[in-house]
Amino acid sequence: MKMKQTRDTLLRGKPRSRLPHGFVLDALEPIGPVTKPMFGCLAVYVRDKVVLILRDHRDHPADNGVWLATTAEHHDSLRREFPQMRSIQLFGTPLTSWQVLPVDAGDFEASALHACELVLARDTRIGKVPARRSLSRKARVGKKTKKR
């Protein structure tokens, strides 16, 4: 008998005092998302792809909401579905691959749930396989030493 995963088992790492936009994880539960801390937020992964970031910072609320992992080539088509979507401002560049569904938009919850529907449908416009981090010099040297 398969045990149903609870929201607590989706969260890894340091316990958080509050889960930002927990309804998103509830909506994605059928595909078994995994969460990891990223940029001081909570990244949501499905298999090997980061699909969303959940952000709710009290001190710097400008980019609070649900971030979509996408690329510039998909911005126009996604904007037709999410008129309030915009590039995040946190990185200080006018255009970023990360797009935010802002929490202060009147349709925030409906938009976030629609984004979840796209993720559940495996829409190729949302999700990125993160680049592998290169090993530090010390780790590379240690790895070479172990092979000998």
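Where does pLDDT stay under 50, with 6 contacts beyond four places in sequence? I found that stretch at residues 12–16. Here pLDDT is the predictor's confidence in each residue, from 0 to 100, and contact means heavy atoms within 4.5 Å. Residues 1–9 also stay under 50, and the model has 8 such contacts for them. Where pLDDT is low, the predicted coordinates should not be read in detail. For the chain, I noted a mean pLDDT of 84, with 78% of residues at 70 or more.

Ground rules: this is a predicted model, where local features need pLDDT of at least 70, side-chain atom pairs count only at 80 or more, and totals for chains, interfaces and linings use all residues. Residues are numbered from 1 along each chain as its sequence is written, and side-chain values use heavy atoms, leaving out hydrogens and water.

Helices are DSSP runs of H or I, at least four residues, and strands are runs of E, at least two.

Last, I looked at strand 1 (residues 34–38), which pairs antiparallel with strand 2 over 5 bridges; pairing takes at least two DSSP bridges. Lys36 sits opposite Ala43 in strand 2. The hairpin leaves 2 residues between the strands, and Phe39 in the turn has a positive phi of about 55 degrees.
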